[in-house]
Amino acid sequence: MRKVCVVGGSGKLGRYLIGHCLDRGYEVVAVCREQSVAKLAGVADRITIVPGATDDPAVIGQAVAGCDGVLAVLVPYGLRGYASGTAQAVLDHAEPEARLVFSCGWHVPRDEHDRYSWRFRALVRVVTVAARLVRFVDIDDQVEAGRRIFASDTRWTLVRGSDLEEGPSEGLPVWARHVGDPILASNLTRRTDFALFMVAALDDDSLVREAPAIVGCRAPSARRGRAA
């Protein structure tokens, strides 16, 4: 990696992504909405900022030009397909051999081997309906984004995250190929470590066209899995 684009760079996860990339010496281009540019003031002199909607193909086309990797935070804002539009713009406009690493939640299924408890499915449905009623986010839009990524022949990885918390890094999270794996039971990862996993995936060819579900490496379920 030499040059990396962070799509959604002004959010909490995006700012961690930028930090980890700068720590590795990458040239960084960050895309964020115009009203959020001020959130990047602390690193504005070290990165290139492209203001605009992350689902705007023209904005993404400008930002990803010449980038070896793209880190895209898929946020399902509103009810107009923001996450799936962002994913599609990246898939359409990234350089042909670029490594593409996307973020989403556990609720995005890869295949029939992902297993969800009835409690989890019920919670996701309640949150989805409530969020739509207030026109805030559309959780199903991340699922649609996942479908588009899985169908792509690009060099993608879709990192599926547990609940997130703040705090100092605990190290690189552990991952499972399918949701429902006992190693994921603790359902908690440090946000900075979610970002760390995404950045590490840029150089990990074993994760190309994988959808790893991650959990913090010090979570009880991860420790039990290592001890087994």
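Reply: Two strands are taken to pair if DSSP finds at least two bridges between them. Helices (H or I, at least four residues) and strands (E, at least two) are DSSP runs, numbered from the N terminus. The model is a predicted one, in which local features need pLDDT of at least 70, side-chain atom pairs count only at pLDDT 80 or more, and totals for chains, interfaces and linings use all residues. Residues are numbered from 1 along each chain as its sequence is written, and side-chain values use heavy atoms, with hydrogens and water left out.

Strand β1 (residues 3-7) runs parallel to β2 and is joined to it by 5 bridges. Within this pairing, Val6 has Ala30 in β2 as its bridge partner. Between β1 and β2 the chain passes through helix α1 (residues 12-23), and this β-α-β crossover is right-handed; that is, with the strands pointing away from the viewer, the path from the first strand over the helix to the second runs clockwise.

Strand β2 is also joined to β3 (residues 48-51), by 4 bridges, and these two strands run parallel as well. Here Val29 stands opposite Thr48 in β3.
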